[in-house]
Amino acid sequence: MEVKSFLGLSAISEFHTAIGQFLNYRIALGQQDPERILYLAISQDIYQEFFTDSFIQTVLQTYEIKLLVFDINKEEIVLWKP
């Protein structure tokens, strides 16, 4: 799981960094343990504010990025998005 906070000034810049890191981690993990599934973990707030955008959804679908969305305050998972 790769957890991202998106606390920078630009959500799209943070997104680009997160996607690049995620794809690199997925390749590296695939070489070491190809059966493992990598998820990008994000807070419920950033999911609702940013990740519901149609462009972002298209990127996630294109690169087959799986999401884990969590509630920071309750410290619980609210959505698994394969």
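User: Hi! Before we start, what does "buried" mean here?

Analyst: Hi! A residue is buried when its relative accessible area is under 20%. This is a predicted model, and by that cut-off 32% of the 82 residues of the protein chain count as buried.

User: Thanks! And the accessible surface of the protein chain, what does that come to?

Analyst: About 5,600 Å², with 51% of that belonging to carbon and sulfur atoms.

User: Okay, on to the fold. How many helices and strands does the chain have?

Analyst: There are three helices and four strands in the protein chain. Along the sequence they come in the pattern β-α-β-α-α-β-β.

User: How do H2 and H3 pack?

Analyst: Helix H2 covers residues 44-51 and helix H3 residues 54-62; they pack at an angle of about 110°, and their axes are 8 Å apart. That angle makes H2 roughly perpendicular to H3, since 65 to 115 degrees counts as roughly perpendicular.

User: Nice. Which residues make the contact?

Analyst: From H2 it's Tyr47, Phe50 and Phe51, and from H3 it's Ile56, Gln57 and Leu60. Sorted by class, this contact of H2 with H3 has five nonpolar residues, one polar and no charged ones.

User: Switching to overall shape: what radius of gyration does the protein chain have, and what would a compact globule have?

Analyst: The protein chain has 13 Å, which agrees with the value near 12 Å that a compact globule of 82 residues would have. Its C-alpha trace spans about 35 × 25 × 20 Å along the principal axes.

User: Last one: what share of contacts join residues at least 24 apart?

Analyst: That's 57%, counted among contacts in the protein chain between residues at least 6 apart in sequence.

Note on methods: Residues numbered from 1 in each chain as written. Predicted model: local features only at pLDDT ≥ 70, side-chain atom pairs only at ≥ 80, totals over all residues. Heavy atoms only, no water. Axes fitted to C-alpha atoms, helices over the stretch in contact; angles between N-to-C directions. Helix = DSSP H or I, 4+ residues; strand = E, 2+ residues; numbered from the N terminus. Parallel < 35°, antiparallel > 145°, perpendicular 65-115°, else oblique. Contact = heavy atoms within 4.5 Å. Nonpolar A, V, L, I, M, F, W, Y, C, P; charged D, E, K, R; others polar. Rg over C-alpha atoms; globule rule 2.2 N^0.38 Å. Buried < 20%, exposed > 50% of the residue type's maximum accessible area, 1.4 Å probe, protein only. Areas by Shrake-Rupley, 256 points an atom, 1.4 Å probe, with all protein chains shown as cover.
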